[in-house]
Amino acid sequence: SQITGPRYVSVLLSQLKQSRHVDKIVLLALDQAYSEDRNVLRKATHLYVSNEYLAYLSQMYPMFLFGCSVHPYREDAADALWECAAHGAVLCKWIPSSQSIDPTHPLSQKFYHALAVLRMPLLVHVGPEETIPSGLTKKQELLFNAASGKYGGNPGDAITMALDAGATVIVAHSATPLGKLFDKHNDYWENVFAKLLERVENGNPRSSLYADISAFCLPGRFKYVQQIIPLAHEMPDRFLYGSDYPIPIVSFKNKSIEEMLDAFGWLAGRALPINDFDKNYQLLEPHFPKATFTAAAKVLRHPQMPLVPLDRYRKELGVKKRKKFWFLGRK
């Protein structure tokens, strides 16, 4: 079912208005799951947040930015992406396991070119996903969330495909694992994390590859965050600030009970800032360069960026002309 709770929106607005450190947030849509023959998989769709609803919220409240989600297997994927851009979308979000997306699929590769034409970044989940269930087999889930799949042999191959197509990619959570205590597949994810870190370290400095530092305030991730921090100081504009709200903010450290009680811990976090956005910021700010907290402004698509006509690219993208859009109105 579609989540449109007025109370949730009210809480978000209240938190944002009271925040001392965060001015705007990107609300993330989540498209339905689709099969390779382009049909909606309703039973495999465990969470659906429509583009139309978030486009509406972003127009109603300037503090909200529209993060769209378009499944690449959709028959109208290109039209839907253009319509989202027309309504101010700043990025496109995928969770491959939850949406049944093989990010190396030919339809995904075609979609990367569409993203590049629009200069729309792709925020793609890489790593374990324990929040939104999957309709895939465990083997598929592990492959797809490693940015690999049936048409790619190694973790991160889909990212390379997207970058080669000219798209901008933001790797969610910097592909950090959850830790052995929380995930029985952690050895697999450690291998994925190591390979993606190697790609970042050895990559082209002019590459359009970024990573976010969202959901870092979880105890199991501390070991991996320690490896991210030096990279962030070397390449501060490559790591983007995020929270993954409403994922709980537990602690940035987990080495001892004392650390759970100090200024970075859960109890102190509850006692000092009551605002969740500020709490997340204050836990991360001492460890990351200042540029990390403002770098997203240069990466996201501007909501009012001129829209290139889709008809100019239909033949190049291999998509047919459609008669009508799924949004009823325009900005």
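Buried, in what follows, means under 20% relative accessible area, with exposed meaning over 50% and partly exposed in between, using a 1.4 Å probe and protein chains only. This is a predicted model, in which local features need pLDDT of at least 70 and side-chain atom pairs count only at pLDDT 80 or more, while totals for chains, interfaces and linings use all residues. Residues are numbered from 1 along each chain as its sequence is written, and side-chain values use heavy atoms, with hydrogens and water left out.

Let me start with the salt bridges, each being a side-chain nitrogen of Lys or Arg within 4 Å of a carboxyl oxygen of Asp or Glu; the structure holds 11 of them. In one of these, Arg199 pairs with Asp157, with the closest N and O atoms 3.0 Å apart. That pair links distant parts of the chain, since Arg199 lies in helix α8 and Asp157 in helix α7, 42 residues apart, where helices are DSSP runs of H or I with at least four residues, numbered from the N terminus. Asp157 is buried, because its relative accessible area is 16%, whereas Arg199, at 28%, counts as partly exposed.

A second salt bridge to look at joins the side chains of Asp276 and Lys279, at 3.3 Å from N to O. These two residues are 3 apart in helix α12, residues 276-284, and so are separated by about one helical turn. Here Lys279 is buried, with a relative accessible area of 4%, while Asp276 is partly exposed at 22%.

Finally, Asp31, Arg74 and Asp76 are linked in a network of salt bridges.
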